[in-house]
Amino acid sequence: MWAAIWIVWSCLFGAFETIALVNRREGDTLSENFRRLFHTRTSKAGRAVFAVGWSGFSAWFLIHILTETM
């Protein structure tokens, strides 16, 4: 059941992101919203927080997937 939920979520995300990319309206894509949320274009602190958070998540996810640990 959970696999089906993740598949549906991924497909919905892909559809919404594709629509946002095709319509070319500013502020529609996930990356544009992350830039706005973390102020990556206007704040060094925002860039730092995002970079540390993204790097930490990426490292955790890599270890999690490769070692099958929680």
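Does His 39 count as buried, exposed or partly exposed, and at what relative accessibility? These close-ups of a predicted model get to that residue along the way.

**View A. His 39, in the loop between helix 2 and helix 3.** Here is the reply to the opening: His 39 counts as partly exposed, at 47% relative accessibility. That label applies because the value falls between the 20% and 50% cut-offs. Most residues other than glycine have a negative phi. Helix 3, on one side of this loop, covers residues 44-67.

**View B. Arg 24, in the loop between helix 1 and helix 2.** Here's another residue other than glycine with a positive phi, this one near 60°. Arg 24 is exposed, with a relative accessible area of 76%.

**View C. The largest pocket and its lining.** This pocket has a volume of about 190 Å³. Its lining is made up of Glu 26, Gly 27, Glu 32, Arg 35, Arg 36, His 39, Thr 40, Arg 41 and Thr 42. So His 39 from View A turns up again here, as one of the lining residues. Sort the lining by type and you get 5 charged residues, 4 polar and no nonpolar.

View D. Two elements give two or more residues each: helix 1 (2-23) and helix 2 (30-38). Helix 1 gives the most, with 5 residues. Met 1 sits in the segment before helix 1. With a relative accessible area of 78%, Met 1 is exposed.

**View E. The salt bridge between Arg 25 and Asp 28.** The count of salt bridges in this model comes to 1, and this view shows the pair, Arg 25 with Asp 28. Their closest N and O atoms are 3.5 Å apart. That qualifies because the cut-off is within 4 Å. Side chains of opposite charge can pair when their charged atoms come close. As for accessibility, Arg 25 is exposed, with a relative accessible area of 55%, while Asp 28 is partly exposed, at 32%.

Notes: Residues numbered from 1 in each chain as written. Predicted model: local features only at pLDDT ≥ 70, side-chain atom pairs only at ≥ 80, totals over all residues. Heavy atoms only, no water. 1 Å grid on protein atoms, 1.4 Å probe; cavity = no way out; pocket = protein on both sides within 12 Å on 5 of 7 lines; lining within 4 Å. Points joined across faces, edges and corners; volume = space filled by probe spheres on them. Nonpolar A, V, L, I, M, F, W, Y, C, P; charged D, E, K, R; others polar. Helix = DSSP H or I, 4+ residues; strand = E, 2+ residues; numbered from the N terminus. Buried < 20%, exposed > 50% of the residue type's maximum accessible area, 1.4 Å probe, protein only. Salt bridge = Lys/Arg side-chain N within 4 Å of Asp/Glu carboxyl O.
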